[in-house]
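Please open the model in your viewer and keep the selection tool at hand. The tour below goes from one selection to the next and says what is found at each stop.

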Amino acid sequence: QLQASGGGLVQAGGSLRLSCVASGRSISTYAKAWFRQAPGKEREFVATISWSGGTTYYADSVKGRFTISRDNAKNTVYLQMNSLKPEDTAVYFCAAGETVGVLHFEYMYWGQGTLVTVSS
């Protein structure tokens with residue numbers, strides 16, 4: 001089970017931090033990722049992090065603005081989003097998989113999503 005939270009309404013240039021808590025021992029040790037889906041668009045990769053935290057990948061569109069991190073003691077992965085833009089508006093989903101990847105089908109477990117709205 002994955003439970004995402006932290007979404008909301010923010011002005012352009014602002015910041016938000018998303019959290020995703022994993023329950024279940026096996027999922028807690030998996031790689032984690034964030035994807036997002038804007039209205040009328042396909043789900044797209046945002047960022048991923050390995051279980052150790054030593055490997056991270058970002059979509060070019062968020063590189064330098066977003067930071068993914070995890071606290072394994074709390075079974076939680078975070079997405080710190082800075083310098084938000086209106087085009088970042090989407091439902092953000094957390095996901096868990098056996099290894100890091102950028103494709104949605106590489107992840108077996110998905111949270112319910114949290115809505116991020118960035119106003120101009």
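Select Leu 79 and then whatever it touches: leaving out residues up to four places away in sequence, Leu 79 is in contact (heavy atoms within 4.5 Å) with Leu 16, Arg 17, Leu 18, Trp 34, Val 46, Ala 47, Phe 66, Thr 67, Ile 68 and Tyr 92. This is a predicted model, in which local features need pLDDT of at least 70 and side-chain atom pairs count only at pLDDT 80 or more, while totals for chains, interfaces and linings use all residues. Residues are numbered from 1 along each chain as its sequence is written, and side-chain values use heavy atoms, with hydrogens and water left out.

A nonpolar core here is a set of buried Ala, Val, Leu, Ile, Met, Phe, Trp, Tyr and Cys residues joined through side-chain atoms within 4.5 Å, where buried means under 20% relative accessible area, exposed over 50%, and partly exposed in between, with a 1.4 Å probe and protein chains only. In soluble globular proteins, nonpolar side chains tend to be buried together.

Which strands pair with β11, if two strands pair when DSSP finds at least two bridges between them? Strand β2 (residues 8-11) runs parallel to β11 and is joined to it by 4 bridges, with Gln 11 having Ser 119 as its bridge partner. Strand β9 (residues 90-97) runs antiparallel to β11 and is joined to it by 3 bridges, and here the bridge partner of Tyr 92 is Thr 114.

Move to β1, where Leu 2 and Ala 4 form the covered face, and Gln 3 and Ser 5 the uncovered one. This strand pairs with β3 in the antiparallel sense over 4 bridges, and Ser 5 stands opposite Ser 19 in β3.

Select Ala 33, which has its place in strand β4. Is Ala 33 buried or exposed? Ala 33 is buried, with a relative accessible area of 0%, and, not counting residues up to four places away in sequence, Ala 33 touches Ala 47, Thr 48, Ile 68, Phe 93, Cys 94, Ala 95 and Tyr 107. If you draw a distance from Ala 33 to Phe 45, which is 12 residues apart from it along the chain, the C-alpha atoms are separated by 8.0 Å.

Go on to the loop between β7 and β8, and select Asn 72, which lies there. Asn 72 is partly exposed, with a relative accessible area of 29%, and, leaving aside neighbours within four places in sequence, Asn 72 is in contact with Ser 28 and Trp 51. Asn 75 lies in this loop between β7 and β8 as well, and has a positive phi of about 55° although it is not a glycine. Most residues other than glycine have a negative phi, and most peptide bonds are trans. A further stop of this kind is Ser 83, in the loop between β8 and β9, with a positive phi of about 50°.

Finally, select Cys 20, Ala 22, Ser 28, Lys 32, Arg 70, Asp 71, Asn 72, Asn 75, Thr 76 and Val 77, which line the largest cavity. The elements giving two or more residues to this lining are β3 (16-22), β7 (66-71) and β8 (76-81). A cavity is a set of points, on a 1 Å grid over the protein atoms alone, where a 1.4 Å probe fits but cannot get out, and lining residues have an atom within 4 Å of a point. The volume of the largest cavity is about 40 Å³, taken as the space filled by probe spheres set on the points.

Key:
Two strands pair if DSSP finds at least two bridges between them. On a 1 Å grid over the protein atoms alone, a cavity is a set of points where a 1.4 Å probe fits but cannot get out, and a pocket is an open set with protein on both sides within 12 Å along at least five of seven lines; lining residues have an atom within 4 Å of a point.
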